[in-house]
Amino acid sequence: MGFQTEFNSVCKFKNDQELYELLEYGRGKMLKEGLRVFPTGQKVIAYTPDNKAVAIVLITASVAEINFQGREVTSVELQLVRKLTDEESRVQTDLAYEMFFGNPA
C-alpha cells in the first residue's frame with residue numbers, strides 16, 4: 001500500500017458523468033482507484049476521458065481511504081473556476097499530450 005502523487009497540473013476524469021456534473025453545476029466529485037495525493041487548494045487543468053483540456057478547477061478536498069469492499073480509493077471534490085476557450089483547450093491539450101499522455105521518448 002502506498003500513495004501515488006498526481007501531476008500538479010492535471011486532473012483527468014475517467015467518467016463522463018463526473019465531468020458533466022462539474023461543468024453543469026460548478027461543483028463535482030471524482031473517484032479514483034488507489035490511494036492518491038491531490039493538492040488541495042490548488043488550481044489544475046481538468047481533462048476529459050479522451051485527454052482533451054476543458055476547464056480550470058480548484059481541488060477543494062481529497063480523501064484517500066480503504067472502502068468497505070477493501071478497495072483503495074481516493075475521492076476528490078472539485079470546484080469549477082472557468083471553462084477554457086477553444087484556443088486555450090487546444091494549447092493545453094497539445095502540451096499535456098507531449099508531457100503526460102503521449103508515448104514515452
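Which residues have the most contacts inside the largest nonpolar core? In this predicted model, where local features need pLDDT of at least 70, side-chain atom pairs count only at pLDDT 80 or more, and totals for chains, interfaces and linings use all residues, they are Phe 13, Met 30, Val 57 and Leu 78, in a core of 15 residues. Residues are numbered from 1 along each chain as its sequence is written, and side-chain values use heavy atoms, with hydrogens and water left out. A nonpolar core is a set of buried Ala, Val, Leu, Ile, Met, Phe, Trp, Tyr and Cys residues joined through side-chain atoms within 4.5 Å, where buried means under 20% relative accessible area, exposed over 50%, and partly exposed in between (1.4 Å probe, protein chains only).

Two or more residues of this core come from each of α1 (16-25), β5 (43-47), β6 (53-66) and β7, with β6 giving the most, 4 residues; helices (H or I, at least four residues) and strands (E, at least two) are DSSP runs, numbered from the N terminus. Apart from this core lies another, of 6 residues, among them Ile 45, Tyr 47, Ile 56 and Ala 96.

Strand β3 runs antiparallel to β7 (residues 72-83), and 7 bridges join the two.

Helix α2 (residues 86-101) holds Val 91, which counts as partly exposed because its relative accessibility is 34%.

Methods: Two strands pair if DSSP finds at least two bridges between them.
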